[in-house]
Amino acid sequence: MSSLDFLKPIIHLLPEIKNPERPSSLKEKLMWVAFALGLFFIMSNLTAFGVDTSSTEGLEFLQVITASNIGTLLTTGIGPIVLASIFLQLFNGAGILHFDMQDPEDKKTFFGVQKLLAIILAIFEGFMFVFLGRIDLISDSFFIQIIVVLQIAFGSIILLFLDELISKYGIGSGISLFIAANVSFTVVSGALSLLGFNNPNGVLSILQAGGADAIPNAIFYMTPLYFTIIVFIIVVYAEGMKVELPLSFGMAKGVGGRFPIKFLYVSVLPVILTSALLLNIQFLAAVLPAHAQGDTPNGMDILGSIAWVVNIPKGTNMQGIEEFYPSLQDGFLYLITPTGLSPNPLYTGRSVFEHWALIASSSTPIFNIPELIHLFLYAIIFIILCVIFGKFWVETAGMGAKDVSSQLQSSGFQIPGFRRDPRAIESVVNKYIPTIVILGSAFVGIIAVLADLTGALGTGTGILLTVNILNKFHEQLTSMNAFDLHPGFGKIFGI
């Protein structure tokens with residue numbers, strides 16, 4: 001019996017995708033996947049009625065990891081679904097909630113509560129985007145605001161059911177599919193823009209302009225694409241790294257196997273949690289009392305030392321009133337959060353090298369701290385937080401050495417050469433998991449920082465997620481013998 005059984009009457013009222021009455025063929029699964037992807041891309045490019053499309057850029061990182069597109073029906077994307085899942089797993093792992101995932105009834109209640117929480121979060125995040133001014137509207141009327149909130153919430157709720165549809169009738173998880181599709185689209189469209197498609201400053205324009213520097217400038221302009229490929233290759237290689245523990249089945253001599261502990265054991269969760277924390281610090285700092293542009297510290301300004309927030313003009317609204325938005329410009333919180341300067345020429349119009357020359361000669365506007373020190377501190381804090389979150393996630397998600405050894409013991413496995421004692425298995429597993437968690441978490445942190453500082457397309461987190469998702473997708477297709485039944489399909493994966 002779970003601690004949230006009182007929600008069952010509400011959960012039973014929620015719509016549900018029925019389980020298939022027969023196993024679906026591979027062709028049918030692929031058709032459902034194509035249908036879901038088609039609907040996803042339509043909603044991702046359909047601007048919500050009432051949104052001012054001229055001011056919907058920004059928050060690229062958030063859009064990548066939540067498969068969202070700000071200003072469209074998918075402004076919040078899969079964010080509410082992912083948050084609901086993380087909240088419940090953390091609360092259950094920490095013992096705040098009590099769900100026995102081995103009990104089918106508890107498991108059903110868990111996923112019902114998760115769906116209910118995701119719907120509530122979809123509406124809540126819709127309100128946050130509209131009423132905190134994260135997107136601009138064509139009118140400030142309450143009616144338009146509510147209409148936009150409902151559209152944004154509707155988009156996320158549709159994704160919730162598409163995820164359920166893919167899980168039951170398609171292949172893998174809908175959430176993973178949408179993230180991979182969004183990152184892939186970002187990388188492809190970004191590469192085309194760098195080349196010059198729909199971009200007047202692209203490589204084609206540079207070459208057409210001619211001059212002695214045309215070819216070197218064109219090569220330098222493509223730097224983000226080079227780093228995208230480099231990061232992709234490194235992540236693919238790291239995905240294949242693992243330690244395999246030999247196992248034997250205690251009830252039958254000669255029967256055994258191997259327990260793989262992947263180098264990326266905690267996947268990209270540390271990066272997602274770290275990025276979400278730093279992003280929220282930037283958001284929350286913006287609600288602190290702001291300074292006017294040109295202000296200087298007046299005596300001992302403790303609050304300004306922590307977070308120096310400046311009101312930046314963003315133009316006039318439809319009533320002709322000038323509007324401002326708060327921006328974190330200096331102080332301790334600024335030093336541990338990412339810089340607002342993007343190295344990607346698609347956003348700035350300057351090459352990565354020009355960006356770094358600007359960074360090297362810049363300092364913070366109030367306390368005159370060099371931007372290079374800011375980036376160094378940000379990178380160190382980011383990697384340390386990744387390690388902390390990695391260790392925290394492993395312990396709360398039941399992936400620690402003690403939990404793993406207990407699962408192996410209950411399944412009848414033992415380590416060859418050791419007696420059948422849970423403590424013996426734990427002592428062996430404990431030699432690997434804690435070390436791999438630290439190294440793997442630091443690694444994904446370094447990759448994410450490297451990608452973000454070099455302007456890699458799709459962001460480091462997006463590339464990490466996509467490679468991980470495609471790898472699992474490939475494993476599922478392999479288990480279904482899809483490549484043997486359809487040899488042409490294997491060419492997509494280079495088989």
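I began with Lys 168 and found a salt bridge to Glu 16, with the closest N and O atoms 3.7 Å apart. Lys 168 sits in helix α6 (residues 142-169) and Glu 16 in the loop between α1 (8-11) and α2 (26-44), so this pair ties together parts that are 152 residues apart in sequence. I note that the model is predicted.

I checked the accessibility of Glu 16: its relative accessible area is 55%, and because the cut-off for exposed is over 50%, Glu 16 counts as exposed.

Next I looked up Lys 115. Its salt-bridge partner is Glu 164, and the closest N and O atoms are 3.0 Å apart. Lys 115 belongs to helix α5 (residues 104-131) and Glu 164 to helix α6, so the pair links parts 49 residues apart in sequence. I find Lys 115 buried, at 12% relative accessible area. Glu 164 is also buried, at 13%.

I then asked which residues are joined through shared partners. Glu 16, Lys 115, Glu 164 and Lys 168 form one network of salt bridges.

Lys 242 and Glu 244 make another salt bridge, their closest N and O atoms being 3.6 Å apart. I recorded Glu 244 as partly exposed, at 37% relative accessibility.

Last, I turned to helix α11, residues 269-285. I noted 17 residues and a reach of 24 Å from the first C-alpha to the last, close to the 24 Å expected at 1.5 Å a residue. Among its buried residues I listed Leu 269, Pro 270, Val 271, Ile 272, Leu 278, Leu 279, Ile 281 and Ala 285. Thr 274 and Ser 275 of α11 are buried too.

Conventions
Residues are numbered from 1 along each chain as its sequence is written. This is a predicted model: local features need pLDDT of at least 70, side-chain atom pairs count only at pLDDT 80 or more; totals for chains, interfaces and linings use all residues. Side-chain values use heavy atoms; hydrogens and water are left out. Helices (H or I, at least four residues) and strands (E, at least two) are DSSP runs, numbered from the N terminus. The expected span of a helix is 1.5 Å times one less than its number of residues. Buried means under 20% relative accessible area, exposed over 50%, partly exposed in between (1.4 Å probe, protein chains only). A salt bridge is a side-chain nitrogen of Lys or Arg within 4 Å of a carboxyl oxygen of Asp or Glu.
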